[in-house]
Amino acid sequence: MSVRQKKLELIEAMNRARAMEPPSFVPNKLLDTLIERLNLKNDAELCRVLEVQPPIISKIRHRKLAVGATILLRMHEKSELSIRELKELSNASVH
């Protein structure tokens with residue numbers, strides 16, 4: 001498989017993940033709450049704590065990638081927020 005084909009496949013996967021998101025998906029509230037709860041300064045520190053590469057958090061923040069099960073579990077383990085609380089934060093409405 002060529003690099004171009006892999007890239008197109010990744011884009012299609014991201015689009016499918018975005019299509020499955022609830023319309024109320026608000027990743028910024030979730031990420032900002034984690035940063036506050038863990039006493040971090042920014043997304044870069046959040047990446048280090050969650051042990052993910054910076055593009056992952058960036059894609060989540062910009063709604064190009066849904067919060068998957070693996071990262072949700074890491075968020076739960078590091079923040080001690082329940083999975084339900086984390087899901088509620090990602091579905092919170094912005095006013």
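From the N terminus on, the elements of this protein run α-α-α-α-α-α. That is six helices and zero strands. Helices (H or I, at least four residues) and strands (E, at least two) are DSSP runs, numbered from the N terminus. This is a predicted model, in which local features need pLDDT of at least 70 and side-chain atom pairs count only at pLDDT 80 or more, while totals for chains, interfaces and linings use all residues. Residues are numbered from 1 along each chain as its sequence is written, and side-chain values use heavy atoms, with hydrogens and water left out.

**Burial and contacts**

The protein has 95 residues, and buried ones make up 28% of them. Buried means under 20% relative accessible area, exposed over 50%, and partly exposed in between (1.4 Å probe, protein chains only). Contact means heavy atoms within 4.5 Å. Among contacts with a separation of 6 or more, 57% join residues 24 or more positions apart.

**The core**

In soluble globular proteins, nonpolar side chains tend to be buried together. A nonpolar core is a set of buried Ala, Val, Leu, Ile, Met, Phe, Trp, Tyr and Cys residues joined through side-chain atoms within 4.5 Å. The largest one here holds 17 residues. L34, L46, L50, I57, I71, M75 and L86 touch the most other members. At least two residues each come from helix 2 (27-37), helix 3 (43-50), helix 4 (54-61), helix 5 (69-79) and helix 6 (83-90). Helix 2 gives the most, with four residues. Take L46: leaving aside neighbours within four places in sequence, L46 is in contact with L31, L34, I35, L38, L40 and I57.

**Two helix pairs**

Two packed helices are described by the angle between their axes and the distance between the axes. Axes are lines fitted to C-alpha atoms, for helices over the stretch in contact, and angles run from 0 to 180 degrees between N-to-C directions.

| Helix pair | Angle | Axis distance |
|---|---|---|
| Helix 5 and helix 6 | about 115° | 9 Å |
| Helix 2 and helix 6 | about 130° | 6 Å |

Angles under 35 degrees count as roughly parallel, over 145 as roughly antiparallel, 65 to 115 as roughly perpendicular and the rest as oblique. Helix 5 and helix 6 are therefore roughly perpendicular. Helix 5 brings L72, L73, M75, H76 and S79 to their contact, and helix 6 brings I83, L86 and K87. These residues divide into five nonpolar, two polar and one charged. Here Ala, Val, Leu, Ile, Met, Phe, Trp, Tyr, Cys and Pro count as nonpolar, Asp, Glu, Lys and Arg as charged, and the others, Gly among them, as polar.

Helix 2 and helix 6 pack at about 130°. That makes helix 2 oblique to helix 6. K29, L30, T33 and L34 of helix 2 meet L86, L89 and S90 of helix 6. This contact has four nonpolar residues, two polar and one charged.

E51 sits in the loop between helix 3 and helix 4. Its phi is near 60°, a positive value in a residue other than glycine. E51 counts as exposed, at 58% relative accessibility.

R63 lies in the loop between helix 4 and helix 5. R63 is not a glycine, yet has a positive phi of about 60°. At 31% relative accessibility, R63 counts as partly exposed.

K78 belongs to helix 5. K78 is partly exposed, at 38% relative accessibility. Not counting residues up to four places away in sequence, K78 touches L38, V49, L50 and E51. K78 and L34 are 44 residues apart in sequence and 9.0 Å apart in space, C-alpha to C-alpha.
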